Amino acid sequence: MSSTNATESNHSGPSRRWTAAKFALPLLVLIALGVLPQIASLVDDPFLVRVGIRIMILAIAASSLNFILGYGGMVSLGHAAFIGVAAYAVGILNWHLGNGEPLLSWPLVIEGSANIWIVAPVAIIASALAALIIGFVSLRTSGLHFIMITLAFDQMLYYFFVSLQKYGGDDGTQLIEPLRAGTTELTNRIFIYYIVFTTLLGVLFLIDRIVESNFGLVLQGCRQNERRLTAVGYRTYNYKLVAFVIAGSIAGVSGVLLATAQQFVSPSDLAWSRSGELVIMLAIGGVGTLFGPVLGALAYVLFEVVLESWTIHWQVIFGPILVLFVLGTKGGILGSLESFGWGLKGHD
Amino acid sequence: MTKPMLETKSLVRRFGGLVATDNLDLTVLDCETHAIIGPNGAGKTTLVAQLAGELKPTSGQIFLAGKQITDLPMAARAKLGVARSFQITSLCGEYSAIENVALAVQAHRGHGFRMWGRVRSDQSLFASARRYLDLVNLADRANVSAALLAYGEQRQLEVAIALACEPRVLLLDEPMAGMGRDESLKMIRLLKSLKGRTTMVLIEHDMDAVFALADRITVLVYGRSIATGLPSEIAANPLVRSAYLGEGSVSRA
């Protein structure tokens, strides 16, 4: 076969064809999310906006987990740690501003802040650092050991924040000062909604670019056959660690948004059950696909909202549904559409 | 074909009480095809694993072109030019044949941390990968997932990946393992075409292949080298005959 342009652009097979069908469902969902606030005001149900924000924040968090789990094969059960670290960074800085007590008075004075341009970078860097440290240790293991060690780190951080009585311990802490972007107060729900929506689009774009890059080729190779990659000269540990830190940072972004949206942070934001929920979302939506985590978060929150209106023990119903769903579909929502010939899978 | 490319000095590897590599001095010359033969359990794969850097020797040294590489891990040796094909096929199954090769080319070029450009539009990377597929006659299967290739094609792909590492030494761990007659002949032709381009260490059970390809042969028994020499010398060596080849079975050499 000669190396014509036609064959060059086609060398990963039919799943990369830009068909309309491939983008139909994701596009539909994104458009629906884009106009949800208008629908909410039409039907006069502001609760819809809250639900939409929750779906999108979880979608960002699930996407970041999908980056290492779906593409990189690193099954982490401690991913909520990075959401929580960022959320707490926002909460703690806020507490110190609200109580007029510097966060640090020696060797230099660090005051609290509610300015999103300061708070968000600090929070995301905190998550990135946490990911660097946790990844540095955890990635020396793999498989079941990796699952357990990430879970253990998550629990450690959980109890660390529980033990911080100053910031509410078990109960967490309310954000006393409203967050600001410059002089604009971030209190308008609709405004927050569109910040989250834009961030989600940005995150999906970013992940898609990385996954399709040279780095992405190595990352997905790590999942398929790490030994092969080592044999051709990749130090796979370094690649996995970089991916882990990227994922932790993106989870940090969702943590900042979470704190902003709920005006409140608590240890439950990084409970291991939250980490588990993220994995469940991937299982529902389609692991290793760009849009699967969004569909998974959407389905998860809708289940939660609907079932919760019937009974507070909604998980009793959700559990069996989840089991049937995972047994009944291959590769989540996107995967099952794929097998119906919709060709929706984003990546190989 | 004079200076040594790969050497081991007093190489020992023990697994508990078992000595899998026993005080082995091996010299593989530049651009020669050096076959290592021996009965099952002679420690051939253990030797390859140590040469590739997957397994640490208990004692002794390994040199690549005079430079000691004993303590370098597998990825670092690959960068220096030690490439291997696995005895049991080891590929990225979801990737197409050409993507498997592109991964190796990319490793060699050191572009693995680029995060922005679309790798599949990297013409130069894929053009170079295609050349290696051409070398092993797999170019027309470039876009097929590695998992869907026929077994013989997967073995050819292994060789293409190893070649894409621009190897100074190519470690071929039973490239003919599990192949049918036709596939074996194809592989022998392929390796013959590569002879002289690079140094090859060939571990192989198939004596037809060994005698067709090897410039020199080392015979391992219980981890020890009992003879090294030209194919004709090995075939005539009485020690080798009794230990391995069996009396009267090597008339062709």
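This is a predicted model: local features need pLDDT of at least 70, side-chain atom pairs count only at pLDDT 80 or more; totals for chains, interfaces and linings use all residues.
Helix 5 of chain B passes helix 6 of chain B in a right-handed crossing, where right-handed means that the near helix is turned clockwise from the far one by less than a right angle, and left-handed that it is turned anticlockwise. Residues are numbered from 1 along each chain as its sequence is written, while chains are lettered from A and ligands numbered from 1 in the order in which they are written.

The two helices of chain B span residues 151-164 (helix 5) and 181-194 (helix 6), and their axes come within 10 Å and cross at roughly 15°. Helices (H or I, at least four residues) and strands (E, at least two) are DSSP runs numbered from the N terminus; axes are lines fitted to C-alpha atoms, for helices over the stretch in contact, with angles from 0 to 180 degrees between N-to-C directions. Helix 5 and helix 6 of chain B are therefore roughly parallel to each other, a term for angles under 35 degrees. Helix 5 of chain B contributes Gly152(B), Arg155(B), Gln156(B) and Val159(B) to the contact, and helix 6 of chain B contributes Glu183(B), Lys186(B), Met187(B) and Leu190(B); residues are in contact if their C-beta atoms, placed from the backbone, lie within 7 Å. By class, these residues are three nonpolar, two polar and three charged (nonpolar: Ala, Val, Leu, Ile, Met, Phe, Trp, Tyr, Cys and Pro; charged: Asp, Glu, Lys and Arg; polar: the others, Gly among them).

In chain A, helix 5 (residues 116-138) and helix 9 (residues 236-262) pack at an angle of about 145°, with their axes 8 Å apart. Helix 5 of chain A also passes helix 9 of chain A in a right-handed crossing. Among the residues that meet are Ala120(A), Ile124(A) and Phe136(A) of helix 5 and Leu241(A), Phe244(A) and Val256(A) of helix 9. The contact of these chain A helices has 16 nonpolar, six polar and no charged residues.

Chain A as a whole has 13 helices and four strands. Of its 348 residues, 47% count as buried, that is, with 20 or more other C-beta atoms within 10 Å of their own, these atoms being placed from the backbone.

Between the chains, 30 residues of chain A are in contact with 40 residues of chain B. The largest share of the chain A side, 13 residues, comes from helix 8 of chain A.

How values were computed. Two residues are in contact if their C-beta atoms, placed from the backbone, lie within 7 Å. A residue is buried if 20 or more other C-beta atoms lie within 10 Å of its own, exposed if 12 or fewer, and partly exposed in between; C-beta atoms are placed from the backbone. Angles under 35 degrees count as roughly parallel, over 145 as roughly antiparallel, 65 to 115 as roughly perpendicular and the rest as oblique.
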